[in-house]
Amino acid sequence: MLIKVYGSAVFGVEATTITVEVNMDKGIGYHLVGLPDNAIKESSYRIAAALKNNGYAMPGKKITINMAPADLRKEGSAYDLTLAIGILVASAQIQADEIDKYIIMGELSLDGSLQPIRGALPIAIKVKEEGFKGFFLPIQNVKEAAIVVGLDVYGVSNVQEVIDFFEGKGILEPTTIDTRAEFYKTLDFPEFDFSDVKGQESIKRCMEIAAAGGHNIILIGPPGAGKTMLAKRLPSILPPMTLREALETTKIHSVAGKLKEVGLMNQRPFRSPHHTISNVALVGGGSYPQPGEISMAHNGVLFLDELPEFKRDVLEVMRQPLEDREVTISRAKFTVTYPSSFMLVASMNPSPSGFFNDPDSPQTSSPHEMQRYLSKISGPLLDRIDIHIEVTPVPFEKLSDDRKAESSVDIRKRVTSAREIQSKRFEEMDHIHYNAQMNTKHIREYCALDDASKELLKTAMERLNLSARAYDRILKVARTIADLDAAPDVVSGHIAEAIQYRSLDRDGWLG
């Protein structure tokens with residue numbers, strides 16, 4: 001007897017439907033074909049124990065299972081439930097007339113209970129696209145899959161529930177989630193709030209500009225100046241995600257298996273990898289490619305604390321994703337692309353000891369040590385960071401001040417207004433939504449300068465010896481400052497402020 005059951009494989013952030021053909025014949029044996037990996041090959045032991053512990057048996061016949069398309073590599077343990085149900089139907093232990101109308105996925109434990117799977121959201125999107133009636137998956141993943149409107153999503157906790165459903169013995173209710181209600185949950189009480197930050201008004205202004213235009217930013221200052229504290233509060237002033245952004249972000253976290261029983265993500269991600277991270281962990285990849293930290297930070301913030309401590313080759317692999325806002329991982333047989341449109345926030349000490357030009361510090365660094373320390377960060381990478389700002393320690397008078405600083409909610413209102421101006425400006429463009437994404441053509445169009453501004457910028461370029469890329473960065477930041485002022489044109493005041501935010505380009509910065 002031959003029957004067909006349907007599962008799904010995830011490549012990148014997209015799913016592909018897999019047809020599992022189960023054939024029973026005379027003889028004894030278990031043959032699994034169609035490029036399965038070791039986790040799938042081992043499934044026969046899990047399936048046999050799970051069936052026995054639920055009152056069923058592994059048939060004593062020749063079982064041949066083909067996973068089509070046969071030239072596509074299948075990986076992971078999420079096909080256990082698909083194979084188990086296929087074996088039960090093919091051996092006539094259960095009756096399931098409508099089994100070909102559903103996608104079934106789940107990892108089996110030996111007692112028949114189900115473990116969570118990765119990529120439930122992209123699979124659910126594909127299930128709906130291809131017109132299947134419903135989707136069975138472990139109950140731990142049901143919230144992320146139920147985001148897809150108009151699809152019957154059944155969360156099950158063990159194999160028996162699926163068997164009872166097909167045999168008409170049990171009633172399973174599909175899970176429904178009000179996606180919009182989930183998305184519009186209040187965000188007015190962030191965990192980390194700018195009202196906690198004493199002093200640092202110029203740095204807060206920088207953060208506001210960076211958030212308004214989606215600009216990359218680097219904070220330079222001695223230990224204890226507040227770099228990490230400020231960076232952690234940046235997501236609290238970013239504008240709320242759009243529904244499209246929330247779906248994109250949730251899809252990536254679903255593929256990586258990081259959702260932890262939540263539905264739609266409505267807060268922008270904040271990722272802060274340790275400086276010992278490898279290239280693959282940062283940009284994604286591996287023999288079976290998975291998204292890296294830069295993709296997990298998509299539509300959010302990637303914070304690299306102590307930037308010069310990261311290996312130089314790790315930082316260099318970020319150069320292309322910072323420009324293209326996506327990362328493509330190529331293997332001999334396939335290529336996957338992960339989106340990686342993130343805000344880079346980096347922090348660093350100005351010298352190995354951390355106390356640069358501080359007369360009160362007992363530790364000093366020689367010019368050679370300074371040069372070696374700063375040379376870990378290449379010029380091309382620094383050029384891709386729009387805003388460089390020095391963070392100085394807060395004096396005692398401001399630390400002991402009891403007055404509350406401006407809250408993140410108030411700052412976010414100004415940031416959101418500036419983003420709305422940008423959204424309107426770029427509404428006819430598919431891949432540009434805010435100023436940091438502008439290319440040279442858009443900069444010439446939207447950052448036209450008057451004579452005074454041109455002269456000011458020319459002087460700055462000559463004195464600071466800036467590259468063409470740095471020139472573009474200044475114009476982008478100036479455009480954002482103008483948007484925060486709701487000004488239609490970029491004027492010399494905006495240019496002057498933008499030039500201030502290129503600390504590392506200044507001659508003599510190293511003394």
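Arg325 is found in the loop between helix 14 (319-324) and strand 15 (326-330), where helices (H or I, at least four residues) and strands (E, at least two) are DSSP runs numbered from the N terminus. The model is a predicted one, in which local features need pLDDT of at least 70 and side-chain atom pairs count only at pLDDT 80 or more, while totals for chains, interfaces and linings use all residues. Residues are numbered from 1 along each chain as its sequence is written, and side-chain values use heavy atoms, with hydrogens and water left out. Although Arg325 is not a glycine, its phi is positive, at about 60 degrees. With a relative accessibility of 17%, Arg325 counts as buried, a term that stands for under 20% relative accessible area, whereas exposed stands for over 50% and partly exposed for values in between (1.4 Å probe, protein chains only).

The protein chain as a whole contains 22 helices and 18 strands, and its C-alpha trace spans about 85 × 50 × 45 Å along the principal axes. Of its 511 residues, 52% count as buried. Among contacts in the protein chain with a separation of 6 or more, 73% are accounted for by residues 24 or more positions apart, contact being defined as heavy atoms within 4.5 Å.

Two backbone features were found in other loops. The peptide bond from Ala68 to Pro69 is cis, with omega near 0 degrees, and Pro69 is found in the loop between strand 4 (62-68) and helix 3 (80-90). Ala486, found in the loop between helix 21 and helix 22, has a positive phi near 60 degrees, in a residue other than glycine; at 56% relative accessibility, Ala486 counts as exposed.

When neighbours within four places in sequence are left aside, Thr19 is in contact with Lys4, Val5, Tyr6, Asn66, Met67 and Ala68, and Thr19 is buried, with a relative accessible area of 18%.

Pro291, in strand 13 (residues 290-291), counts as buried at 12% relative accessibility. Apart from neighbours within four places in sequence, its contacts are Ile252, Val255, Ala256, Gly284 and Tyr338. Pro291 and Ile443 are separated by 152 residues in sequence and by 31 Å in space, C-alpha to C-alpha. Ile252 and Val255 are among the buried residues of helix 10, which also include Glu245, Ala246, Thr249, Thr250, Lys251, His253 and Ser254. The 13 residues of helix 10 (residues 243-255) should span 18 Å at 1.5 Å a residue, and its end C-alpha atoms are 18 Å apart, which agrees; the expected span is 1.5 Å times one less than the number of residues. Helix 10 is followed by Gly257, whose phi is positive, near 70 degrees.

Helix 21 in turn packs with helix 22 at an angle of about 125 degrees, their axes being 8 Å apart; axes are lines fitted to C-alpha atoms, for helices over the stretch in contact, and angles run from 0 to 180 degrees between N-to-C directions. Helix 21 is therefore oblique to helix 22, given that angles under 35 degrees count as roughly parallel, over 145 as roughly antiparallel, 65 to 115 as roughly perpendicular and the rest as oblique. In this contact, Ile474, Leu475, Val477, Ala478, Ile481 and Ala482 of helix 21 meet His494, Ile495, Glu497, Ala498 and Ile499 of helix 22.

The axes of helix 20 (residues 451-464) and helix 22 (residues 492-500) come within 9 Å and cross at roughly 15 degrees, which makes helix 20 roughly parallel to helix 22. The contact is made by Ser453, Leu456, Leu457, Ala460 and Leu464 of helix 20 together with Ser492, Ile495, Ala496 and Ile499 of helix 22.
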